[in-house]
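The following note sets out numbered remarks for a colleague who has the coordinates open. Please read each point against the model.

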Amino acid sequence: NGYKSEGDAKRNKSSKDRERKSRSKKDKTEKQHRQRTKSEEPRNRRNKHYESNESEGEKKKRTKDKRKTSFQDNNDEYQQQQQQQQEKEKRRAERRSKSAPARYARNNKRDKRTSSPSNKNSKDNGDLPKEFFCPLTKRLMKDPVRDAEGNAYEREAIERWLRVQSSSPITNGYMSLEMLRPDSKLKKAIYKATGKPRSKSTTRGKSRAPTHELVSGRVLIDSYLREISSKSKLSVSLDGMGICAFSYRRITFVIEVPITPHAGFMVYSSFDGEADKYKLSEKMDAWNKWLSNIGRHSRVSHVRAGQKTVFTLRGNEGDMAQCDVFQKTLEYFVEMSLKLHNLLHPKEAKVVENVRLTRAPVPVA
């Protein structure tokens, strides 16, 4: 037979049988399809004959009815979609009207409506200086108020601003209602230039200027740091979190002031290296005694954090009464930090004498 073995011959027979079966199945399916098409042809002919016998008027009526039904369905769907969109827009408008920026814009519109027309005898607004105009409302101020940075605002406008924001609209720095103070000189200057009568502000009796005791420690220390930086090469001021940093003789110092009143302040400096615990504790005790003998209420301490020694000064509220006292306590802490650095790193000793944060020395208070 030409085959190498009987197994090859059997395999060839089985493959031929499979081909025959598949051919027979294909033939059967083709016959069935032909029979179906033959049976459907007379039906299609009958339908075409029926449609040809219909009058043209009946055809037009049928098409009109179909169009009417389809239009009505589409119109109902369109109306439902419009109603849903209108309801969504109403909900969005209600949410926007309740938001804080919308309230602020509403109050601004009321002010524009209720604002009295300018006097004919007064000078034109173009001739007046820019200091007389509020940066928020862009109008002449009736009851001017100044912040810690020296910027002037209309009282009602800045109070509305601070209900929504906690930052200055000009410098974007931290700002609160406690930092505002009335500016009587600017008010008198505006009155002389325009001849307008004094305003009877509704919020004037309620929100009076805070006294020196109610001003938070963060505001006081920020003003002290700005004053120190104006007299020296340092540029130090607290950020929105009440933290700032400066370097002195290649040692970084971090000042932290909490926003809560009567909390004082903290100053940190960190050093690498280890030292004997007993020596450090003796140093801390000696420095604390020296501070108490001088009349300072602040105290120093140290903590081991990993491979670093953190040296801290817990400033008392008594050392924040004046700028000179605060500056002198800072200078004492810087001097102690330099001594601690020399104790931890005797090979890299630094000069401890003549520690001054400003060009001119501060008198010992």
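**Remarks on the predicted model**

1. The chain's secondary structure comes to 8 helices and 8 strands; helices (H or I, at least four residues) and strands (E, at least two) are DSSP runs, numbered from the N terminus. This is a predicted model, in which local features need pLDDT of at least 70 and side-chain atom pairs count only at pLDDT 80 or more, while totals for chains, interfaces and linings use all residues. Residues are numbered from 1 along each chain as its sequence is written, and side-chain values use heavy atoms, with hydrogens and water left out.

2. Of the 365 residues in the chain, 30% are buried (buried means under 20% relative accessible area, exposed over 50%, partly exposed in between, with a 1.4 Å probe and protein chains only). Among contacts between residues at least 6 apart in sequence, 54% join residues at least 24 apart; contact means heavy atoms within 4.5 Å.

3. An open sheet is formed by 5 strands in the order β4-β5-β6-β8-β7, with antiparallel pairing; two strands pair if DSSP finds at least two bridges between them. Its edge strands are β4 (243-248) and β7, each of which pairs on one side only. On average, neighbouring strands of this sheet are turned by 25 degrees against each other, direction ignored. Axes here are lines fitted to C-alpha atoms, for helices over the stretch in contact, and angles run from 0 to 180 degrees between N-to-C directions.

4. Strand β8 (residues 308-315) pairs with β6 (residues 265-272) in the antiparallel sense over 8 bridges. Within this pairing, Tyr 268 has Thr 312 of β8 as its bridge partner, and Asp 272 stands opposite Lys 308 in β8.

5. Strand β7 (residues 299-305) also pairs with β8 in the antiparallel sense, over 7 bridges. His 302 stands opposite Phe 311 in β8. The hairpin of β7 and β8 has 2 residues between the strands, and Gly 306 takes a positive phi near 70 degrees there.

6. Which strands does α8 lie across? Helix α8 lies across β4, β5 (251-256), β6, β7 and β8, and runs at about 15 degrees to β6. Ser 337 has its place in helix α8 and is buried, with a relative accessible area of 0%. Not counting residues up to four places away in sequence, Ser 337 touches Phe 253, Ser 269, Phe 271 and Phe 311.

7. Two packed helices are described by the angle between their axes and the distance between the axes. Helix α7 (residues 277-294) packs with helix α8 (residues 323-344) at an angle of about 160 degrees, the axes being 12 Å apart. That makes α7 roughly antiparallel to α8 (angles under 35 degrees count as roughly parallel, over 145 as roughly antiparallel, 65 to 115 as roughly perpendicular and the rest as oblique). The crossing of α7 and α8 is right-handed; a crossing is left-handed if the near helix is turned anticlockwise from the far one by less than a right angle, and right-handed if clockwise.

8. To the contact between these helices, α7 contributes Leu 280, Lys 283, Trp 287, Trp 290, Leu 291 and Ile 294, and α8 contributes Tyr 332, Met 336, Lys 339, Leu 340 and Leu 343. By class, the contact of α7 with α8 has 9 nonpolar, no polar and 2 charged residues. Ala, Val, Leu, Ile, Met, Phe, Trp, Tyr, Cys and Pro count as nonpolar, Asp, Glu, Lys and Arg as charged, and the others, Gly among them, as polar.

9. Lys 339 lies in helix α8 and counts as partly exposed at 36% relative accessibility. Leaving aside neighbours within four places in sequence, Lys 339 is in contact with Trp 287 and Val 352. The C-alpha atoms of Lys 339 and Ala 349, 10 residues apart along the chain, are separated by 8.6 Å.

10. Where are the loop residues with positive phi to be inspected? Asn 172 is not a glycine but has a positive phi of about 65 degrees; its place is in the loop between α4 (155-164) and β3 (181-182). Asn 172 is exposed, with a relative accessible area of 60%. Arg 249, likewise not a glycine, has a positive phi of about 55 degrees and has its place in the loop between β4 and β5. At 29% relative accessibility, Arg 249 counts as partly exposed.
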